[in-house]
Amino acid sequence: MTDTILVPPRHTAPVRFTRAQLEWLPWLEPLAVDEMTERHRASLVDAARLRSPYFRLLARDPDALEARTRTDKDIFYNPDAGLPRAERELAAAATSRSNGCIYCASVHSRHAATYSKREADVQRLLDDGVGADLGERWNAIVAASVALTATPIAFGPEHVDRLRRAGLDELAISDVIHAAAFFNWANRLMLSLGEPAASAEA
Amino acid sequence: MTMPATDVDVIDALLGIAPGSLLDAIRARRPEARTQAQATYRALFAPDVPGNVTTQERFAVGAFVAGLHGDAAIVAFYSNGLGASGASVKLREAVDAAVASATAHGPYGHYPAGPLSRENVTGPTFRVRPEPRSALGPRLAAAFEHVHMLVFHPRDATPDALKSLLDAGWSTTDVVTLSQIVAFLSFQIRVVVGLRTLAGNV
């Protein structure tokens, strides 16, 4: 087997953070649809992901992919109390902004804007960065996400206190921790296995 | 020696979570995230289908990633796992030596040329020194150089970085597994540190 690096087709690389829909081009060969076993297909969890080169690449290690996706879904979609969906997405967008994952930030800033209806604040996070003033509750969530994203980790009791003062209970604070932690997982895969591309008409 | 028991929830164990404690109650509200984070650990460190990446390689990378984050309990867990995988004293010392020469503060890195260039932050590019290199061997030495980038400056990722892994004998599927190990640990370590801080047990 001679594995090789893929050379992406000519494309426009995004040079700023954006809420626009982006594409993602792999640097390694995803599985071809017709060579995927039942196990590979099941690891996608959502059948629609068969169209995604990112998920067909990760399907090369199907047990890791399936467990990753089911972890992701519970952290972001579990409706049982805790942090509102919009703010879980804010933590994901802030983490992606801090690590510098333009693709991940595009997806999760769209979600944060959709669920919060605060498009201008979300856009400020993208344009001005993680120091943007978004009001104290969002500032506290962004600061906690950024501190947790630092290596070595800079998250401390002062971040927990600030989140409590902003009105978050313990489950909501745990949701901030999990959302930021999960995007430290996702950002590293997206950034290192391929690259974003602006859609043709953008 | 025996491997770490794979039926023990690693995040619970690292946090010393007792039944009925605050953290037990919080984790119970996101049961699928708890179960599937553990399933990911199993898929990456005790896989049903081992593939080409050996258990020793998996724990060597785990011990290196944990060492770069510097949390003593997590370092001890993955170092013990490396010992249990049958690693020689020489290899374990080489991992420790690599950690000692690889510390940095992330996230740093570069953006595509354009308006984000003013946010570029330079930092070290890690190269394994000659002495640990001979004990690590070419496959793990190439992996550690990649892992350091993933941990500290993932936005510097390039296709050439993946080419270095392929050249050192990692297949495309092996690279997916390696990337998942580093990305998953970036999550697991942050959940542990974050929840420990939340519980005030610092």
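Which residues have the most contacts inside the largest nonpolar core? They are A:V176, B:A60, B:F64 and B:V182, and the core they sit in has 125 residues. Keep in mind that this is a predicted model.

In general, nonpolar side chains tend to be buried together in soluble globular proteins. Here, the core draws at least three residues from domain 1 of chain A and at least three from domain 2 of chain A. For a closer look at one member, take A:V176. Leaving aside residues up to four places away in sequence, A:V176 touches A:L83, A:A91, A:I141, A:A144, A:S145 and A:L163.

**Chain A and its domains**

Where the domains meet, 6 residues of domain 1 are in contact with 5 residues of domain 2. On the domain 1 side, strand 1 (22-26) and helix 3 of chain A are the elements that give two or more residues. That side of domain 1 divides into 4 nonpolar residues, 1 polar and 1 charged.

**Where the chains meet**

Now for the contact between the chains: 55 residues come from chain A and 58 residues from chain B. On chain A's side, six helices each supply at least two residues: helix 2 (53-58), helix 3 (62-77), helix 4 (85-99), helix 7 (136-149), helix 8 (157-165) and helix 9 (170-193). Helix 9 of chain A gives the largest share, 17 residues. By type, the side of chain A that touches chain B has 28 nonpolar residues, 15 polar and 12 charged.

**Chain B on its own**

What does chain B look like along its sequence? The pattern reads α-α-α-α-α-α-α-α-α, with 9 helices and 0 strands. Its C-alpha trace spans about 50 × 45 × 30 Å along the principal axes. A compact globule of 202 residues would have a radius of gyration near 17 Å, so the 18 Å of chain B agrees with that.

Inside chain B, buried residues make up 50% of the 202 residues. As for its contacts with a separation of 6 or more, 68% of them are between residues 24 or more positions apart.

How values were computed
Residues are numbered from 1 along each chain as its sequence is written. Chains are lettered from A and ligands numbered from 1 in the order in which they are written. This is a predicted model: local features need pLDDT of at least 70, side-chain atom pairs count only at pLDDT 80 or more; totals for chains, interfaces and linings use all residues. Two residues are in contact if their C-beta atoms, placed from the backbone, lie within 7 Å. Helices (H or I, at least four residues) and strands (E, at least two) are DSSP runs, numbered from the N terminus. Ala, Val, Leu, Ile, Met, Phe, Trp, Tyr, Cys and Pro count as nonpolar, Asp, Glu, Lys and Arg as charged, and the others, Gly among them, as polar. The radius of gyration is taken over C-alpha atoms; the globule rule is 2.2 Å times the number of residues to the power 0.38. A residue is buried if 20 or more other C-beta atoms lie within 10 Å of its own, exposed if 12 or fewer, and partly exposed in between; C-beta atoms are placed from the backbone. A nonpolar core is a set of buried Ala, Val, Leu, Ile, Met, Phe, Trp, Tyr and Cys residues joined through C-beta atoms within 7 Å. Domain bounds come from an automatic or database domain assignment.
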